[in-house]
Amino acid sequence: MGIPQIAADPRLDARAGHLQEAASGGGRPPLNGAASTSAGTVATISRQDGAIGTYGPRRAASRPAVEIAHLRKTYGELVAVDDVSFSVAEGEIFGILGPNGAGKTTTVECAIGLRPPDSGTVRLLGLDPQADRDRVHEAVGVQLQAGALPAKLRVAEILHMYRSFYPDPADVGELTEVLGLAGKLKDYYKSLSGGQRQRLSVALALIGRPKVAVLDEMTTGLDPQARRDAWALIEGIRGRGVTIVLVTHFMEEAERLCDRVALIDGGRVVALDTPAGLAARARGGKSVRFVPSVPFDDRLLTGLAEVRRVEREGQHVTVTGTGTGELVNAVILALHTAGVTARDVQLDSSNLEDAFVKLTGNHPDQEGAAR
Amino acid sequence: MSSLSLSLPGPARRAAFGQIVLNEARLARRQPASLIAGVVMPVVLLVIFGAIPSFRQPAADLGGLTALDVYVPILIVLSLGLLALFGLPMPLTTYRELGVLRRLSTTPVPPWWLLAAQGLVQLCVALTGIVILLVTSITVYGALVPKSPGALMLSIALTAAAVFPMGLLIASVAKTATGASVIGRLVFFPMIFFAGMWWPRELMPGVLQGVSGFTPLGAAVEAMQDSMQGQFPPAAPLLVLVAYALVFGFLAKRFFRWE
C-alpha cells in the first residue's frame, strides 16, 4: 500500500472537485464526485438519497467541521491530553492514530462534549459542545469504543428508540438495508455476531443523520472481511458528505481511508499529514532490492547521486536511495551500462506503519497484541 | 444531565421518553426477575399465609387483628423494597457496565431519562403487585379493607420516594451488577427485618419497635397499618419517610455515576 495507490485514489479527485466547487461556487453538490467514483456497491448506496446523512450541497468549507485548539485534559496527576490542536474540514475523513494511552479517546470525548477540557477550545460545526450540548449531539453521531446494548432488546426496537431522539432521523428500513442488517431486525441483540453488533452501533451513530460521525475503534475485533466491509461502509457514508473522524490503531485502515491523519503520542500531536505525507517522513529514501546477473562493484552504484548506500545479503543487493531523484531508473541504467541485468527487482517504499514506529517509538503490532 | 432544553418539540420529546419506557418495559417482561420479586413472591407468600388457619383468627396480642391483616402491609413493603433495592439498581449497573449510559450521553437525550424510565417501570410493577395483594387479601382471605385509602396511597408514595433513591445510591456505589446485588442484600435484610417480616412490629419488644419506627420500611409498615385501620397515620412515620426521601434523594443525585 504505497504512494501510487493513494495518488490514484478517487477521493483526491473528489477533494479537488470540492475545492473547485468552492472556488466557483457552482451548482453541483461537491460530494457527488466522491459518491460516483467510489467503488462498486458503495457508489450505488451513496447515490440513493436519504438514509444516511443529508447534508446537502454545502458550499465552501469556510468553517471546519471540527476545530480543536490547545486542548488539555488531566485526570489528577495524569496528563491525558497535553496540547492537541487540529481541525477537520467538512467532508473529510480524518484519522486519529496513536498507541494505547496516547490520549486519542480523551481527545474525542472532549471533542464531542462528553468531558469538559481543562483548557483549550473545542468547536464542532462552530458550536461549543459544553455550552451547546444538545445541538452538538443532534449534529454529531458517535460510535464509542466497546458500547454494548441490552441483550434482550430486538434490533428494530433499539433502532426505533434511538431514532426518536432526533428531529430529522434516517429511515430505519433504508439504514438497515445499507448496513446489511435488514434481515436482523427481529433478532435480539445478544444473538448478533460481533460484526453485526458493530454495524448496529454504526447505525445508531448515523440514525440522526449527523453532519459529523465520530467512530472510535470501529473495526477492532472484526475479522478481516468484516473490516473491509466496514471500510466500504465508511467510504459510502463520506460519499454522502458526512465528515468522519476515525480513531484507529490499524495502519492499513488509516492508510486506506483517511485524507489526513493526526498521529497522537503522549497527549500531543506528533505529526499531522496525509498518510502518504507521513509515510514520506519516515522514509530514509525508497529502497530497491534485486539479484544481479553477474557480480559487480558496489562503487558502480554508490557513486550515484540518488543512492545512499548499498547492502548485500547473500545474492540479494539492497540499494537505499537518498529520497531525491528517480532511484530505480538511475540504478537500472547504471547496471545496464555496466552490462549487469537486475533480476527479481522489488521496490520497498515505507508506509504509514514505518511512520508510526519512527514517530512514536511504538510498534503497532505490539500494541495490538497488548489489547 | 443538566440540560432539559432538547430542541425536539414537546410531543416528540414525550414520544422519545415513551420509547425508552416501552423498551424498559419489554426488558422487564423478557427478564422477569423484578416481576417475580415484586409481584409473584409477595402474592405467593400471601397465599401461603392465607392457607394457615390461625393466620385468619383475630389475635389479642395483635390488637384484635388477624396475622394476615398484619402481614398485608409487610408484603407491600416487601414488594417495594425488593424492586427499589434490586429491581432498580441491577439493570442500571448493568447498563453502566455495558456502556449503554455512555452511548445515551452522546445523543441529544439526557441519560437520566433512562433512570427515570427504569424507575417508572419498577414503580408500575410495584403498584401491580400491591393492587393484586390488596384485592386478593380482601376478596379471598377476608382481610381488612383499607379504611383510609387516601392515607394508604400517601404512605405507599412516600415509601417509594424513600426507598427508590436508596436503589439509585446502590447503583452509584457498586461498580458491577454483582456488587449491587451484594450491597442490596446487606441493606435489604435488616430493613425487612425491622419491617416485621419475621417478627411483626406489634410483637417486638419496646426498644426494637422504637428502632423499627426509624427505619424506612418499619416506618412504612407503621404508616400503612394505621391507614388500613382508618386513622390518618401519625406524623412520625410519615416524617421519617420524608426525611429518608430527602437525604437519599440528595445523595443519589450527588453521587450517581454515569460511567
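## Interface of chains A and B

The contact takes 24 residues from chain A and 24 residues from chain B, two residues being in contact if their C-beta atoms, placed from the backbone, lie within 7 Å. Two elements of chain A give two or more residues to the side touching chain B: α6 (133–139) and α7 (155–163). α6(A) gives the most, with five residues. Helices (H or I, at least four residues) and strands (E, at least two) are DSSP runs, numbered from the N terminus.

By class, this side of chain A has 14 nonpolar, four polar and six charged residues. Ala, Val, Leu, Ile, Met, Phe, Trp, Tyr, Cys and Pro count as nonpolar; Asp, Glu, Lys and Arg as charged; the others, Gly among them, as polar.

## Model and numbering

This is a predicted model: local features need pLDDT of at least 70, side-chain atom pairs count only at pLDDT 80 or more, and totals for chains, interfaces and linings use all residues. Residues are numbered from 1 along each chain as its sequence is written, while chains are lettered from A and ligands numbered from 1 in the order in which they are written.

## Hairpin in chain A

Strands β11 (residues 307–313) and β12 (residues 316–321) of chain A run antiparallel, joined by six bridges. Strands pair if DSSP finds at least two bridges between them. Arg309(A) stands opposite Thr320(A) of β12(A). Two residues lie between the strands of this hairpin, where Gly314(A) takes a positive phi near 60°.

## Helix pair in chain B

α4(B) (residues 89–98) packs on α8(B) (residues 177–194) at about 155°, with the axes 8 Å apart. The two are therefore roughly antiparallel (angle over 145 degrees). α4(B) supplies Pro89(B), Met90(B), Thr93(B), Thr94(B) and Glu97(B) to the contact; α8(B) supplies Ala177(B), Ala180(B), Ser181(B) and Gly184(B). By class, this contact has four nonpolar, four polar and one charged residues.

Methods: Axes fitted to C-alpha atoms, helices over the stretch in contact; angles between N-to-C directions. Parallel < 35°, antiparallel > 145°, perpendicular 65-115°, else oblique.
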